[in-house]
Amino acid sequence: MISVKDLHVYYGLIEAVKGIDFEVQTGHIVSLIGSNGAGKTSTLNALLNSVKKTGEINFLGYDTRRHKTHTLVRHGISLVPEGRRVFINLTVDENLRMGAFNNDENYEHLRSQMYRLFPRLADKKSQLAGTLSGGEAQMLAISRALMSEPKLLMLDEPSLGLAPKIVGEVFNTIVRLKEEGITILLVEQNAFAALKISDYAYVLENGKIAMQGVAKDMIGNDEIRRKYLGA
Ligand code: ATP
């Protein structure tokens with residue numbers, strides 16, 4: 001679905017991503033894992049063409065460099081950003097409306113689907129998003145991203161700051177979305193949880209890919225266990 005070649009990302013003189021190649025196969029969950037500042041978020045932003053970069057990014061035949069972020073969303077890439085970034089002064093319902101900015105005709109149908117997927121959000125649909133718990137806000141951020149009917153859903157640190165039980169719920173949701181046919185690119189510091197649900201994974205270190213492989217093999221890899229799984 002997506003193929004990236006020799007990607008570099010720059011913030012002024014800082015080179016945050018230093019020439020990486022990777023692929024995401026249709027129907028897979030692919031994880032990018034790595035410590036703070038490794039370049040994971042910058043990579044996701046590069047796929048949405050919202051940072052300065054060089055290299056080739058091909059999404060379902062589109063050269064993404066030629067398109068603005070909102071056009072890429074229309075073509076089927078959607079991001080659940082780090083820290084959720086729901087609109088805290090808008091209601092749950094209004095947040096979903098914002099997610100459907102390019103998808104007016106299916107809005108009602110999709111909104112009902114989101115409330116079926118996350119019944120807790122349905123109970124709070126008229127509440128301001130700023131009053132939600134961390135877990136509910138994460139569910140809302142995922143729903144908002146799904147309102148554009150993405151083919152590729154990118155999630156940036158969805159487990160960050162959530163209680164372990166809620167982390168489990170979020171990861172179960174990601175697996176469910178895969179089963180419904182959505183391809184997933186997952187950025188996580190919680191490497192163990194990410195590897196457990198992924199098909200394939202890349203490890204980013206200092207802007208470069210240090211390792212890659214089938215996710216279940218990586219759980220058994222000594223170096224990965226030592227560096228990222230606390231074992
Ligand atoms: P984290 O989990 O901490 O977000 P990450 O792996 O997602 O880590 P990035 O956020 O992509 O890493 O950051 C990669 C590097 O780029 C870091 O050194 C970071 O300080 C730098 N960086 C990120 N955003 C900017 C920015 N807007 N301006 C300058 N430097 C930045």
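I started with L152 and looked up its bridge partner in β8, which is T183. Strands here are DSSP E runs of at least two residues, helices are H or I runs of at least four, and both are numbered from the N terminus. Residue numbers count from 1 along each chain as its sequence is written. The model is predicted, so I note that local features need pLDDT of at least 70 and side-chain atom pairs pLDDT 80 or more, while totals for chains, interfaces and linings use all residues, and that side-chain values use heavy atoms, without hydrogens and water.

Next, the neighbours of β8. Strand β7 (residues 152-156) pairs with β8 in the parallel sense over 5 bridges; pairing takes at least two DSSP bridges between two strands. On β3 (residues 29-33) I found 5 bridges to β8, again parallel, with V30 opposite L185.

Is β8 buried or exposed? I found 6 of the 6 residues in 183-188 buried, so the strand is largely enclosed by the rest of the structure. Buried means under 20% relative accessible area, with a 1.4 Å probe and protein chains only. T183, L185 and V187 point one way, I184, L186 and E188 the other, and all are buried.

I then followed the chain: β7, helix α7 (residues 164-179) and β8 make a right-handed β-α-β unit. Right-handed means that, with the strands pointing away from the viewer, the path from the first strand over the helix to the second runs clockwise.

Last, I checked a ring. R97 lies over the face of Y107, 4.2 Å from the ring centre. For Arg, this needs CZ within 6 Å of the ring centre and within 35 degrees of the ring normal.

Methods. Buried < 20%, exposed > 50% of the residue type's maximum accessible area, 1.4 Å probe, protein only.
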